[in-house]
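Subject: Structure for your review

Dear colleague,

Please find below the sequence and structure that I am handing over to you. My findings follow directly after them.

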Amino acid sequence: MNAFLKLWGVYVRWTARYPTIQSIVPFIPIVALWAVIAESGVFPRVFLPGPIEVAHSFVALTYKGILPDYLQDSIVRLVVGAAVGMAIGIPLGVLVGLNARARAILWPILLFFQAIGDIAWLPILLIWFGFGLTTMTFVIVYTVLFPIVLNTALGVRTVPQDLHRAARCLGASRARVILEVVLPGALPNIITGLRNGLGFGWRALIATEIIVGTSGIGFLMFDARRAGSVVEILLGMIILGLLWYVVDGWILAPIERATGQRWGLVTQ
């Protein structure tokens, strides 16, 4: 018991000094269990390689330059698709949130197309654009768009009308009311929509790369399947999980918390 308490004390001190350790510790039992099962011989190593083999594959693919290039391709595609989705989704969400007539016309259309999954577009996109960047970009934009539009519209509608009227009484134009009152008030919802949209877009990107890609992490996994390389498939899965964990937990979540603390105190 004393030994456990000492270890716990060391853990608390180290996590307080290095918060990153707290994010890594939960994965240690999972990796240990994986290693034990792989080493036990319950499954052939060709079907379930261990963490050491995956680490060797990571080093080899990185040394060859394959993994950095594929990872860069996936990230660039996601960033471009997310940027286009934001450029379309935020103004559209503001319009839907502010204008009752636009909301009456556009809201049913948005709900209709939201129900059509992004992957459902692939057959017709392949006929229209073929196997290329245009198809993948369309899927990412389509996936990112709806969470941003719907959350932006929700955020805009939660900004009290009293703030609109107060700004207009002080001489603010319609554009300044939108830029200085509506958008800051809706920003927490916009960030939440962006966070959800990027999560959906990341999964849609990988699925699209598996089906139509010629590079990227999804293509790496699919190409490994054709070669029967389970170790590279596992490597791709781990990279996907770790990358999104870093992006969501260390970038998007702090931004969401910061905007909620700064601008999320607007109440009706």
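Is Ile251 buried, partly exposed or exposed? The model is a predicted one, and in it Ile251 has a relative accessible area of 44%. Because that value falls between the 20% limit for buried and the 50% limit for exposed, Ile251 counts as partly exposed. The residue belongs to helix 12.

Helix 12 is the main contributor, with 5 residues.

As to the overall fold, the protein chain contains 12 helices and 0 strands. Of its 268 residues, 37% are buried. The accessible surface of the chain amounts to about 15,600 Å², and carbon and sulfur atoms account for 71% of that area. When contacts between residues at least 6 apart in sequence are considered, 69% of them link residues at least 24 apart.

The interior may be described next. In soluble globular proteins, nonpolar side chains tend to be buried together. The largest nonpolar core in this model has 26 residues, and the members that touch the most others are Val54, Leu67, Leu78, Leu198, Trp202, Ile217 and Leu240. At least two residues of this core come from each of helix 4 (51–64), helix 5 (66–98), helix 8 (133–158), helix 10 (174–212), helix 11 (217–227) and helix 12 (230–263). Helix 12 again gives the most, here with 7 residues.

Beyond its neighbours within four places in sequence, Leu67 is in contact with Phe58, Leu61, Thr62, Ile217, Leu220 and Ile239. There is also a second, separate core of 14 residues, with Met136, Val139, Val149 and Ala153 among them.

Glu209 lies in helix 10 and has a relative accessible area of 0%. Glu209 is therefore buried, as its value is under 20%. Which residues does Glu209 touch, not counting those up to four places away in sequence? They are Ser74, Arg77, Met136, Ser215, Gly216, Ile217, Gly218 and Phe219.

With kind regards

Note on methods:
Residues numbered from 1 in each chain as written. Predicted model: local features only at pLDDT ≥ 70, side-chain atom pairs only at ≥ 80, totals over all residues. Heavy atoms only, no water. Core = buried A, V, L, I, M, F, W, Y, C linked by side-chain atoms within 4.5 Å. Buried < 20%, exposed > 50% of the residue type's maximum accessible area, 1.4 Å probe, protein only. Helix = DSSP H or I, 4+ residues; strand = E, 2+ residues; numbered from the N terminus. Contact = heavy atoms within 4.5 Å. Areas by Shrake-Rupley, 256 points an atom, 1.4 Å probe, with all protein chains shown as cover.
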